[in-house]
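This briefing is intended for a reader who is meeting the structure for the first time. Please look at the sequence and the model together before reading the points that follow.

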Amino acid sequence: MEIRAVRDIDAPIERVFEVFSDITKVEERISGITKVEILSDVTEGIGTRWRETRVMFGQEATEEMEISVFKPNQSYEVVAASHGAEYHSIYRFSEANGKTRVEMVFSGKPVSFMAKLMAPLGFLMKGATQKALEADMDELKAVCEEQ
């Protein structure tokens with residue numbers, strides 16, 4: 001499964017990158033996330049690990065995530081493993097015409113036997129996941145454009 005989302009944001013790239021990559025403030029910036037617990041000594045950049053709880057399908061779901069790539073004002077990547085699947089999110093940032101473009105690609109790959117067996121049903125979750133990620137992007141965009 002792969003989901004893509006793009007937002008053009010009326011704010012400098014430095015501000016947009018800071019808002020999108022600051023895990024310590026994600027709970028107050030994204031309404032779908034109900035709790036964030038930092039698990040690492042690192043709170044910014046490669047090695048930042050956290051446990052994130054969000055509401056999906058009417059229930060709370062908690063996942064552990066980690067920033068695996070961090071290039072300030074260019075990109076960062078987040079990895080997670082859960083329920084027999086590996087997840088990877090890439091956020092890319094670029095500037096054009098006084099705006100910052102954020103491109104996000106989220107992918108999930110089944111690795112366990114059970115996850116591979118259930119993979120064909122993934123299309124049932126794709127729409128809700130897309131909607132949640134699009135909402136996250138919209139809320140972060142609004143934070144970036146506040147000032």
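Phe-106 has a relative accessibility of 12%, and because buried means under 20%, this residue counts as buried. The model in which this value was computed is a predicted one. Phe-106 lies in strand E7, and in that strand it is the bridge partner of Ile-3.

**The aromatic pair of Phe-106**

- Tyr-87 and Phe-106 form a stacked aromatic pair, with 5.8 Å from centre to centre and 15° between the planes.
- The pair links distant parts of the chain, since Tyr-87 belongs to strand E6 and Phe-106 to strand E7, 19 residues apart.
- Tyr-87 has a relative accessible area of 27% and is therefore partly exposed, whereas Phe-106 is buried.

**The sheet**

- Seven strands make up an open sheet, in the order E1-E7-E6-E5-E4-E3-E2, and their pairing is antiparallel.
- Strand E1 (2-9) and strand E2 (33-38) are the edge strands, each of which pairs on one side only.
- From one strand to the next, the twist averages 20°.
- Eight bridges connect E1 and E7 in the antiparallel sense.
- E2 and strand E3 (residues 49-56) also run antiparallel and are joined by five bridges; Lys-35 has Thr-53 in E3 as its bridge partner.

**The helix on the sheet**

- Helix H1 (residues 13-21) packs on the sheet and touches E1, strand E4 (59-71), strand E5 (75-82), strand E6 (85-96) and strand E7 (99-110).
- The direction of H1 makes about 165° with that of E6.
- Strand E1 has two faces: Ile-3, Ala-5, Arg-7 and Ile-9 form the covered one, while Glu-2, Arg-4, Val-6 and Asp-8 form the uncovered one.

**The nonpolar core**

- In soluble globular proteins, nonpolar side chains tend to be buried together.
- The largest nonpolar core of this model has 31 residues, and those touching the most other members are Val-16, Phe-20, Tyr-76, Tyr-91, Phe-93 and Val-102.
- At least two residues of this core come from each of E1, H1, E2, E4, E5, E6, E7 and helix H4 (123-144).
- Apart from neighbours within four places in sequence, the contacts of Val-102 include Ala-5, Val-16, Phe-20, Tyr-91, Phe-93 and Met-137.

**Other aromatic rings**

- The structure holds eight aromatic pairs.
- The rings of Phe-17 and Tyr-76 form an edge-to-face pair, because their planes stand at 90°, with the centres 5.9 Å apart.
- Phe-17 lies in helix H1 and Tyr-76 in strand E5, so this pair ties together parts that are 59 residues apart in sequence.
- Phe-17 and Tyr-76 are both buried.
- Phe-17, Phe-20, Phe-70, Tyr-76, Tyr-91 and Phe-93 are linked into a cluster by ring pairs.

**A buried aspartate**

- Asp-136 is located in helix H4.
- Its relative accessibility is 9%, so Asp-136 counts as buried.
- When residues up to four places away in sequence are not counted, Asp-136 touches Ile-30 and Arg-54.

Terms used:
Residues are numbered from 1 along each chain as its sequence is written. This is a predicted model: local features need pLDDT of at least 70, side-chain atom pairs count only at pLDDT 80 or more; totals for chains, interfaces and linings use all residues. Side-chain values use heavy atoms; hydrogens and water are left out. Two strands pair if DSSP finds at least two bridges between them. Helices (H or I, at least four residues) and strands (E, at least two) are DSSP runs, numbered from the N terminus. Axes are lines fitted to C-alpha atoms, for helices over the stretch in contact, and angles run from 0 to 180 degrees between N-to-C directions. Contact means heavy atoms within 4.5 Å. Buried means under 20% relative accessible area, exposed over 50%, partly exposed in between (1.4 Å probe, protein chains only). A nonpolar core is a set of buried Ala, Val, Leu, Ile, Met, Phe, Trp, Tyr and Cys residues joined through side-chain atoms within 4.5 Å. Rings of Phe, Tyr and Trp (its six-membered ring) pair if their centres lie within 6.5 Å; planes under 30 degrees apart count as stacked, over 60 as edge-to-face and the rest as tilted.
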